[in-house]
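Me: Could you take a close look at the biggest open space in this one and tell me what lines it? I'd like the cut-offs along the way, please.

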Amino acid sequence: MKEVVVISGKGGTGKTTVVLALASLFKDVVLADCDVDAADMFLILEPEIKKGYNFVGGKKAFIDKTNCTECGKCIEVCEYNAISDDFVVDDVKCEGCGACVYFCPEKTIEFNDIVSGKVFISETRLGPFVHARLNPGMENSGKLVSRVRNEAKNIAIERGMKLILTDGSPGVGCPVISSISGADYVVLVSEPTVSGLHDLERVVDLIMHFKIKGGVVVNKWDLNVEKTAGIESFCKKTGIDVLGRIPYQIKPVVDAMNRGMTIIEYDKKCDVSVAVSGILNRLKSAIPL
């Protein structure tokens, strides 16, 4: 079983469009949407949810005033100013660090689990699909990403499927690290701009730190031929595979999304679909699937 994760240095590069296009070309694949802060694969896949359960990703303090002596120790140790002068915890400000619980002399502060989001296991026309929703204002999205990936792996094992295709989080933070840790290959989607190259450099440093093999796809490459050449030159210097280029072709991509279809489902012969098919062939050469 192999896992291919698609990420990008920033949002809006076309990462999810690439994932969905690849999913249309693969067979016997488990899909996972690990961009839990802004999940959107479900909009195209229209999943039939088979199972859903709450995700507990953290804790919040609650002061039981029954035995509280109002000594003020909790206010003193709280680094986030989450406890008011009348000893009420602000759920928005509370980071769940537990300092107030530890230092309370009367042990009157409860430390309760909170539901941070929900995990869904679904069926789609392209295969089994694991996705999640992070509740507004909630953190610990890295833990939720790990849960999504574990569920996808369990499905792959149970059904004897050889590939997991994961839509990872953008950027280089905790959710991204959770998305790529232990992956077999990472596809990096970039765009031919100054910020695109800068963000790509950061995310390449990340996968090299974790010693994960990866390759770059330049989306909308023909908007800036010079910057595309610069990205590919950077890849060659750092030993990162160049998987291919996708042209800027707005009409078929937008029409496909409006119809709830992947670009491959909408038009296999358009330039974008042809480019993705070439990327798939190079991906299969880079990692036996």
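**The largest pocket and its surroundings**

Reply: H1 gives the most to the lining of the largest pocket, supplying six residues. Helices here are DSSP runs of H or I with at least four residues, numbered from the N terminus. Before going on: this is a predicted model, where local features need pLDDT of at least 70 and side-chain atom pairs count only at pLDDT 80 or more, while totals for chains, interfaces and linings use all residues. Residues are numbered from 1 along each chain as its sequence is written, and side-chain values use heavy atoms, with hydrogens and water left out.

Back to the pocket, which holds about 620 Å³ of space. On a 1 Å grid over the protein atoms alone, a pocket is an open set of points with protein on both sides within 12 Å along at least five of seven lines, and a lining residue has an atom within 4 Å of a point. Points are joined across faces, edges and corners, and the volume is the space filled by probe spheres set on them. Of the 34 lining residues, Gly 14, Lys 15, Thr 17, Val 253 and Met 257 lie nearest the centre. H1, H2 (41-45), H9 (250-258) and H11 each put in at least two residues. By class, you get 19 nonpolar, 10 polar and five charged residues in that lining (Ala, Val, Leu, Ile, Met, Phe, Trp, Tyr, Cys and Pro count as nonpolar, Asp, Glu, Lys and Arg as charged, and the others, Gly among them, as polar).

Two of those helices also pack on each other. The axes of H1 (residues 15-25) and H11 (residues 271-286) come within 10 Å and cross at roughly 70° (axes are lines fitted to C-alpha atoms over the stretch in contact, with angles running from 0 to 180 degrees between N-to-C directions). That makes H1 roughly perpendicular to H11, a label for angles of 65 to 115 degrees, with under 35 being roughly parallel, over 145 roughly antiparallel and the rest oblique. In H1, Ala 21, Leu 22 and Leu 25 meet Val 276, Ser 277 and Leu 280 of H11, where contact means heavy atoms within 4.5 Å. That contact divides into five nonpolar, one polar and no charged residues.

The structure holds two cavities of 30 Å³ or more, a cavity being a set of points where a 1.4 Å probe fits but cannot get out. Of its 14 lining residues, Ala 61, Cys 78, Cys 94, Cys 97 and Cys 100 are the closest to the centre. Its lining counts 11 nonpolar, two polar and one charged residues. The second largest cavity contains about 70 Å³, and among its 13 lining residues Cys 68, Cys 71, Cys 74, Cys 104 and Thr 108 lie nearest the centre.
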